Structures are given as structure tokens and as C-alpha cells.
Amino acid sequence: MPADDTIARARQGADILLLSASNYPALPIYPYAFVQVSAVAARHGLSAARLDLLHTPKASWRPTLRRALERTDPRVIGIHLRQLDSIFIWNYADHDLPGAPPVRRNSYWPFHDTRQLIGILRELTQCPIMLGGFGFTTRTPDLLDRLQPDFGVTGEPDEVLEHLDDVLAHRDMERIANLAHRSGDGYTLNPRVFLPPADHTEYTDAVLRDLLDFYGPQRVTGPDADVHVPVEVQRGCPYRCYFCTEPMVKGRRHRVRDLDVVMADIAFLADRGVSRVWLVCSEINIGSNGLLFEMAQRMRKLNHGRPKPVSWTCYLLPNPVLERDEIRTLLESRFEPSWNQFASYDDENLKRTRVPYRARHAVQAQVAWLEEDQAFRRTHGLPTPPRRLDMFLGNTYATPETVSATLRTVSELRLGERFDDSLITRATRVFDLGDGLIGDTAAAAYSVGPEGLLDEVDLVHPTFSYPAALVEALGSARAVDEFFAHVEKTFLSRAYRARLDWPAFLARHTDEQRLAEWCERLRHTPGPSGADPAARTVRAALAADGATTLLKRLRDSPPAGASAEESAGPVAQALVELLVGTELDRTRAVFAAIGLPGYWDDRTARTAYDVCAGLAARFAAVEDLLDAARAAAAPGDPALPLLAVEYCLYDNNVLLRPDYTRILFRA
């Protein structure tokens, strides 16, 4: 934990000890506030030391803090409260949510951890405590009252640090913008100003050493580095998206940082082995794509001839639109497509959420970036990482129409087949931007604490609201979670099909004697196995010793999720298809009767959404569908045609429920 070495000082230690107890364990990020505050402090002749407590067990906080105070002997302790919670409902639900990421519930309480941190510091030192950060700025009065720091900083700390001597001497404090200070039994909040990004570089060797210690050097500078190091390029946002507090915290005027200074910071990092940077901004293309392409040009120049080039990324709106050749230009500059979570592909919904784009923009961007990035990776021999389709389908204004319109578009574009997984945000983290709870959420909002549901809404605590129209349609918030988990894995990604266990399917729908009889019939039924390696394996096994070895392999198959080399899944699936092919005419008749004519002849022609929609239009329950299939298979033994129907249901995760049907397949 070195003090910043940008200036020489007579005294040892540091003027400011920066601390944080608000890092999100599921996505640890070195606090960019540490970088920026240290740089602002240095501009005003102050030194700073930094300590994030994420990797320090709470049992060790006290001795760790004691040692830090002894080493630094600070004049003031600055506590960074980055956020008040994760903003994700799955961290705070009273049960494990279906489809949620593997995070520990009730494990992330940055407000409570910061309160504990302040309590320990009060016992260890009389050094004044100054509280700031993005999370603090969203609820400044409440947090001052509950955490009782000596000072607070709302927004940027530049003027506070410029006049730190006056602040600590309690002298002329009323003239210092963005400062909160004690006044009688409460606090006075000085006028708020929104400042532009720094006109000077921010990174130093001391800060970079701290960052490397936080992540481990290999994650930042190693050959497989996965950490993006932040560099601010723009500050502020003019938009009013209903779920976002950034304009409140950073201002509604967007201001671009001097790009020469931006590039100086990036060059500093690149010269020290950093290979990935994140350009910090609300969205880099607010109003136009000009800044985006200016940065692309500068990044190409920076990387020219550099043995270890630097990749870059940032948040990017789908509007203004980017043409395919422009996307290719960005990719050639080593731009990495960034995460983006669209609220839906429904214009009315997008309009109500007040995002600055419409469905056509979102769809075009989704498809164009996906295809161009895949092509770029193929051309350059780069691996394709797992892809996840994120959507905020559970936004406050979501309705059955919103969901069905979005899924129809996904199906038409066959987008779900291009993503390995999907994640739907299914509740809004509620804030107050100064004129009441955001997004018309007051009636449904609720707050939770470490001990469970609170008696009333308290925005210092995690506060959420589920989409009222979907709760009404499905009956409860938990039912909304279950519904979205079904949508994620079935319609928005390949996740469901990737986990299918075809040997288990065969075991459920046949017995060993019948399967052996069918295999014997198949052995004597001529027919091509085509180009499918699994089908050729089945034919070869049957020709070698009948079904003996094949059936043993299926019985002994490891569970779903085993490696491709170990799994008998493809062979079991191919066996089902070949067996059904021995009664192809009857199978075709059955699928025509249940509303899926031609299904068995081309099982890839329809998406899972198409299949489910076709069946839901005719049947209220799977039992009704199977009754109709049995009737259509008569006369004779219906077992193989019914196996084909069960195959269809299993392969497409068909779940016939009237409540789901009313949402998924609205006209």
C-alpha cells in the first residue's frame, strides 16, 4: 500500500488514506475512484495511499487497518462507497432464484460493511473521516445521517481537495462546492457542481502497483489478461433512462476529456504491459459516433508496431446506427464489443423506459456486431468466447405484449441459437432521482436488509420492483422468476439443448427389451446414415454385434455435462432418430395431426419458440397433445411415433401452461 510517488513530500506517510469496503465480490473491480482521487490529490500537493478490503477477511480488518494507519499517518481518511447493493435481485431474494448466476444470497451489504468499517476506525483513530463515491452521492442526506462521517463529498472531490487545509480546519467551508459538513445536530450540504473529466493524466506507478496487487499481475499484464483497466474519456449523460442514476451523479451535460490526455494514460499503461482498457463514459456515442471513431483512429496509431497491442472497449448505444463497414473498422482497431442489455425489442416498451433507441436499432446492432465479430475472429484465427444474451425483460414496464414481441423477433432472427447462455434481469432496482421513485414503482417497491424484508421502503437498502403486469399475469414475483428462467434457457440461448441427456431420455421412454427389439429391426432396415458421425457410429455398432455393445455404452453413459469424448449423448440422439425413421410415414402423419407438419423431416426448420407456439395454439396441456398423437398413430403399436413426439417435446423444452401461453404467444 504505497503512498503516491508523483510528488516529493517532507512528511512520511500520506495525506489521505483511501479505503473501500464496497467492492462487489461477484465482480471484483479495483476502484477507479482510487485512481482519480489520488490524481486530483497530487494536483493539489497531496499524497494518497489506497486499501480495498475485499480480499481481507472481516476478522482481520482491525489489525489490517491499524497497520495501515500506522504506516500512513493520514490527515484524513477517505471512504469510497461505490454502490449500496449489487442492483441484482438474485443477491437479495429470500430463495434461490431459478436461472440466477451462482452468487451467494445475503452476502453483499456495502452500506452495512461501510458502517462497520467506520465503527472500527472510530475505535482506532481520531483522524477525520470523509465519505464519498457514486453510491454515497445517490443518497447523500440519508447516508450522512446513518454513517455519521466527519465530512462528505457529493460527486467530484476536486474543490474539496483543493481546499483540504480549510476543510480540516473547519475554515470557510461554506464556499467549497460538493462538500457536506457537520452543522449543529446535522449536516450542511454545500452547492453541487458538476465538473468535467480531468485535464491531466491519472495513472502513476504507485497506483498501478496497487491495481496489480489487487488482481494479480497475470490478469492484467499476462498473455491471457482478462482485466480491463479503466481510463475516463467522457463524463455525464443527457438521457433520462428510467433505471439509471448516472445523470444525477455525473450531470446531464456530457463532456469529453482531452483525448491527448486520454491517450497519454493509455500509453502509460501499455508501456507497462497492460493490454486491455475500458474507456469510462456513460455511452461513447452520445449524439454521434464521432468520438468513437476518433478513439479508433488514435488506438490504431498507438498500436502500430507495438509488440503487445492494446484492446479497448466501452459502453456503446445502438443509436446512432453503425454500418457493417464501420463495425469492421472498429474491430480492426482492436475494439472489443461491450456488454449491453436491451430492455426489449418492443418499441412501446422502449419508449416508456426512455432509452434513446428503438427496437430496430437494438436488433440491427445485436445482429451486426455478432456476425461481424464472428467473421473477424475467424479471419484472424481468434477463439470465440462463450456468448450470453442479456436482456432487461423484467423492466418496470414489461407486459405480456413486450415479452411476446421480443421473443417473436428473437425467433425470426434465430438469435437464441447463436448464444450459449442468457440472463434476464427480472426486477428493477428502485432509486429516487429527486422527484419520487423511478419508473412508477412506488406501489410495488419493497426493501430488504440482512435480516429480511423491511417494514417500509428504504432506498439505502436494496429496493426492488417486479413488473406489475407480469406479476398479475403469473400470480407472484416468484412465478415471474420461474417464467424468465424458462425463457432464458429455452428461447434466448442454446443453454437448454446443451444440457440434454439423451441416454436418460431413452431410459425414460423405453425399456431394455423393447429397445433391443427396435435395434434388431433397425439393423435389418436399409437406409443411409448420412454425414452424421453419430448415426454412422450407430450403424457400425449394429452391424458389428447387433445392439450389445451399443446398449451397454448407453447404459454406462456418464451424466449430462460430461466431455464430448465421454458422452454417449449424440449416439443416443442419433439412435432415436434412426429408430423413428423405420416408421417414417406414421410419424409424419402424427406430426401433421398435432399441428407440426413436416417437423420430423427437418427438425432445424423451426426454432423452439416456433414449435412451442404451434403446439400451444392447439393444446392446453401435454397430456392432451399425447392423446391426439396416440389417436393419429392408430392402428397398430404407437410406441415409435410417440417416441418421436416425446423427442420433439424434450428437444424443444415444450411446457404447455395456459398462463405461459397467454404471455409467450400473444397475437
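Helix axes here are lines fitted to C-alpha atoms over the stretch in contact, and angles run from 0 to 180 degrees between N-to-C directions. Helices (H or I, at least four residues) and strands (E, at least two) are DSSP runs, numbered from the N terminus.

One caution before the tour. This is a predicted model, so local features need pLDDT of at least 70 and side-chain atom pairs count only at pLDDT 80 or more, while totals for chains, interfaces and linings use all residues. Residues are numbered from 1 along each chain as its sequence is written, and side-chain values use heavy atoms, with hydrogens and water left out.

Start with H28. Helix H24, residues 569–581, packs on helix H28, residues 639–651, at an angle of about 140°. Their axes are 9 Å apart. That makes H24 oblique to H28. Here is the scale: under 35 degrees is roughly parallel, over 145 roughly antiparallel, 65 to 115 roughly perpendicular, and the rest oblique. The crossing of H24 past H28 is left-handed, that is, the near helix is turned anticlockwise from the far one by less than a right angle; clockwise would be right-handed.

Who meets whom? From H24 come Gln573, Val576, Glu577, Leu579 and Val580. From H28 come Leu640, Leu643, Ala644, Tyr647 and Asp651. Contact means heavy atoms within 4.5 Å. By class, the H24 contact with H28 has seven nonpolar, one polar and two charged residues. Nonpolar covers Ala, Val, Leu, Ile, Met, Phe, Trp, Tyr, Cys and Pro; charged covers Asp, Glu, Lys and Arg; the others, Gly among them, are polar.

Now H20, residues 502–509. H20 and H28 also pack at about 140°, with axes 11 Å apart. H20 and H28 are therefore oblique to each other. Which hand is the crossing of H20 past H28? Right-handed. Trp502, Phe505, Arg508 and His509 of H20 meet Leu643, Glu646, Tyr647, Tyr650 and Asp651 of H28. The class count is five nonpolar, one polar and three charged residues.

Seven of the nine residues of H26 are buried, so H26 is largely enclosed by the rest of the structure. Buried means under 20% relative accessible area, exposed over 50%, and partly exposed in between, with a 1.4 Å probe and protein chains only. The buried residues of H26 are Ala608, Tyr609, Val611, Cys612, Gly614, Leu615 and Ala616. They pack against H16 (400–413), H18 (477–490), H27 (622–633), H28 and H29 (658–664).

Cys612 is buried at 4% relative accessibility. The structure holds zero disulfides, a disulfide being a pair of cysteine sulfur atoms within 2.5 Å.

Leu161 sits in helix H6, residues 158–162, and is buried at 5% relative accessible area. Leaving aside neighbours within four places in sequence, Leu161 is in contact with Ile16, Val37, Val40, Ala41, His44 and Leu46.

His461 sits in the loop between strand S17 (452–453) and strand S18 (463–465). His461 is buried, at 9% relative accessibility. Not counting residues up to four places away in sequence, His461 touches Asp85, Phe111, His112, Arg146, Arg429, Ser447, Val448, Gly449 and Leu454.
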